[in-house]
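Here is a short tour by question and answer. Take a look at the chain before starting.

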Amino acid sequence: TFQTEKMLLEYCGVGGTMDTQVLSFQRLAWRVLQETGGGIRPVINDQGKSLVLRLLLEQNSPKLKAFRRVMEKPGFLAKLRECLAEFKIYQVPGEKLRQCLQELAGEENEDLQAKLEDLLLIYTAYQQYISSKYLDSDDYLQLLAEKLHSAPLLNGAEVWIDGFYGFTPSELEVLRELMIKVPQVNICLSIDPGCLKRRLEETDLFFPPWDTYQRLLYIAQEV
């Protein structure tokens, strides 16, 4: 963001500005939570998450089916931590895992079912453990979407978003709330304007930004 601020000042030909800020999604979340009171709990970092997951694995060891054989292997905790982070970023709740398990019932894929059961067990235990003690940085965007409407920082603001070719579901939810909150949201995408008038195949060079454009257009029409 610092480099972007520097480029913006050079483009505008000014030495500084008081009413323009360059923020990442995470930094915007931090600012909004500071204003709205949603960031009171201490933030748990990756090392803290690993310690909590280690504790939960040991406590639930008798119930584990697949993870009990690999929980002591180097790198397992990091992979498990990354997996839970992706669940949050891509808005995969425990109920979705439970639904997948129900769909797999009766199929001859015991290894997959065992892994999903262990993931659901640890995911649920982790959420319960941190709920009243810590704030997971992977929950920042969800909290941002919830608190954004009451943030004075954004009152009357014009928002420009650049440097993305796609957004996660959590980021799209934030963009939805931004479109409701502020008078104008401008989103820049790197795409040939002619591509916007036709449907692209997944193999097309511009498919990722085109798909993002379609998602944003749908959200804008909804709000």
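Q: In which helix does arginine 81 lie?
A: The model shown here is predicted. In it, arginine 81 is part of a helix, and that helix is helix 4.

Q: Is arginine 81 buried or exposed?
A: Buried means under 20% relative accessible area. Arginine 81 has a relative accessible area of 19%, so this residue counts as buried.

Q: Leaving aside neighbours within four places in sequence, which residues is arginine 81 in contact with?
A: Arginine 81 sits in helix 4. Neighbours within four places in sequence are set aside here. The contacts that remain are Asp46, Lys49, Ser50 and Leu53.

Q: Which residues does leucine 77 contact, leaving aside its neighbours within four places in sequence?
A: Leucine 77 also lies in helix 4. The residue is buried, with a relative accessible area of 17%. Its contacts beyond those neighbours are Ser50, Leu53, Arg54 and Leu57.

Q: How many Å apart in space are leucine 77 and glutamine 221, C-alpha to C-alpha?
A: In sequence, 144 residues separate leucine 77 from glutamine 221. In space, C-alpha to C-alpha, the two are apart by 42 Å.

Q: How many disulfides does the count come to?
A: A disulfide needs two cysteine sulfur atoms within 2.5 Å. For cysteine 83, the closest cysteine sulfur is in cysteine 100, 12 Å away, so a bond is ruled out. Over the model, the count of disulfides is 0.

Q: Is cysteine 83 buried, partly exposed or exposed?
A: The buried class stops at under 20%, and the exposed class starts over 50%. Cysteine 83 has a relative accessible area of 23%, so its class is partly exposed.

Q: How does cysteine 188 count, buried, partly exposed or exposed?
A: The relative accessibility of cysteine 188 is 29%. That value lies between the 20% and 50% cut-offs. Cysteine 188 therefore counts as partly exposed.

Q: Where does glutamine 91 lie?
A: Helix 4 covers residues 76-89, and helix 5 covers 94-104. Glutamine 91 lies between these two helices, in the loop.

Q: What is phi of glutamine 91 near?
A: Most residues other than glycine have a negative phi. Glutamine 91 is not glycine, yet its phi is positive. The residue is partly exposed, with a relative accessible area of 42%. Its phi is near 55°.

Q: Which residues does serine 170 touch, not counting those up to four places away in sequence?
A: Serine 170 is found in helix 8. At 6% relative accessible area, serine 170 is buried. The residues it touches are Lys88, Ile89, Gln91 and Leu141.

Q: Which residues of helix 7 are buried?
A: Helix 7 spans residues 140-147. Its buried residues are covered by elements that include helix 2, strand 1, strand 2 and helix 8. The buried ones are Tyr140, Leu141, Leu143, Leu144 and Ala145.

Q: Which elements give two or more residues to the largest nonpolar core?
A: The largest nonpolar core has 32 residues. Those touching the most other members include Leu144, Phe167 and Val174. The elements giving two or more residues to this core are helix 2, helix 7, strand 3, helix 8 and helix 9.

Q: Which residues does valine 174 touch, not counting residues up to four places away in sequence?
A: Valine 174 belongs to the largest nonpolar core. Residues up to four places away are not counted. Those touched are Phe25, Leu141, Leu144, Ala145 and Leu148.

Q: How many helices and strands does the protein chain have?
A: Read along the sequence, the pattern is α-α-β-α-α-α-α-β-α-β-α-β-α. The tally is 9 helices and 4 strands.

Q: What share of the residues in the protein chain is buried?
A: The protein chain has 223 residues. The buried share of the residues is 36%.

Key:
Residues are numbered from 1 along each chain as its sequence is written. This is a predicted model: local features need pLDDT of at least 70, side-chain atom pairs count only at pLDDT 80 or more; totals for chains, interfaces and linings use all residues. Side-chain values use heavy atoms; hydrogens and water are left out. Buried means under 20% relative accessible area, exposed over 50%, partly exposed in between (1.4 Å probe, protein chains only). Contact means heavy atoms within 4.5 Å. A nonpolar core is a set of buried Ala, Val, Leu, Ile, Met, Phe, Trp, Tyr and Cys residues joined through side-chain atoms within 4.5 Å.
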